[in-house]
Amino acid sequence: MLPSTPIYEIYAVKYAGPFTRPVAKVFWNSDWEKEIKINYYIWVVKGKEEILIVDCGVSPSLAQKMELRGYVNPVHVLKGIGIEASRVQKVVITHIHFDHANGMELFPKATFYIQEKEFNFWMKDPVAKKPPFLMLSVPDRNADLAKLEGTERLVLIKGDQTLLPGIELLLAPGHTPGLQVLAVNTTKGTAIVGSDCAHIFRNYEEEIPSTFITDMVAWMKTYDKLKAKVSSLNLLFPGHDLKMTTHYPEIAEGITQLV
Ligand SMILES: [Zn+2]
């Protein structure tokens, strides 16, 4: 990136967890007998002038219905670094799984940025109504999202696109048909908020995705693309790794600074 490109900080905002899962769920077809703990997160990308929220988490009503362990309304967590969710202007939704796209109501003024491919799959493709997909999304909430089509509150992104100077949205299919990640200019170089392209750092380290994969071949190509883009592998952040809570400085309750 050019030297004059704005620099951003990246924060992980933990809003639920820890959850104990079989390793095989987050690391494809491996370690069936072992368990691992994961968290649910959203992220903040913060520049001098711009604040961008990545994903919107889960609404309090769904959290209650699902009895989500350790749930804190993301709105309250964000207050810890002075962010008023009700004033947030831009929310990038990485993909339309319930733990990433259910809390739209928490950001009532925001415009949502979603890949067109991801939106069209969940809203328009009959395959999205099949059981394995229904397990990971909330049809009522998808209907709310569908209503935003054609309004100024929804921007459908076609492939790789610069969102702001120093922030690029990259189409990164594999986990879902149109997942997107953010390549962000930071003091350490280009970092990637990768969301569930990988659940844990180990997915990237060993080149094995999670079990939640709609297209393994696409995932491999996506991973090559992200590796070529990111300045170093430790700046490629996954979606659910507990380390994002435990291995980075906590600057407010539930919020750690990744870069
Ligand atoms: Zn997830």
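**Close-up 1. The charged end of R202 sits over the ring of F27.** Welcome to this predicted model; we start with a charge and a ring. The distance from the charged end of R202 to the centre of the F27 ring is 3.7 Å.

**Close-up 2. F19 and Y40 form one of the 12 aromatic pairs that a search of the whole structure finds.** The ring centres of F19 and Y40 are 4.5 Å apart, and their planes meet at 40°. Pairs with planes under 30 degrees apart count as stacked and those over 60 as edge-to-face, so at 40° this pair is tilted. The two partners come from distant parts of the chain: F19 belongs to strand β1 (residues 9-22) and Y40 to strand β2 (residues 35-46), 21 residues apart. F19 has 8% relative accessibility and therefore counts as buried. Y40 is buried too, with a relative accessible area of 7%.

**Close-up 3. Y40 also pairs with F98.** Here the ring centres lie 6.2 Å apart and the planes are at 70°, so the arrangement of Y40 and F98 is edge-to-face. Because Y40 lies in strand β2 and F98 in helix α4 (residues 98-101), this pair ties together parts that are 58 residues apart in sequence. F98 counts as buried, at 12% relative accessibility; the cut-off for buried is under 20%.

**Close-up 4. Five residues come together in one aromatic cluster: Y15, F19, Y40, Y71 and F98.**

Technical notes
Residues are numbered from 1 along each chain as its sequence is written. This is a predicted model: local features need pLDDT of at least 70, side-chain atom pairs count only at pLDDT 80 or more; totals for chains, interfaces and linings use all residues. Side-chain values use heavy atoms; hydrogens and water are left out. Rings of Phe, Tyr and Trp (its six-membered ring) pair if their centres lie within 6.5 Å; planes under 30 degrees apart count as stacked, over 60 as edge-to-face and the rest as tilted. Helices (H or I, at least four residues) and strands (E, at least two) are DSSP runs, numbered from the N terminus. Buried means under 20% relative accessible area, exposed over 50%, partly exposed in between (1.4 Å probe, protein chains only). A charge sits over a ring if NZ of Lys or CZ of Arg is within 6 Å of the ring centre and within 35 degrees of the ring normal.
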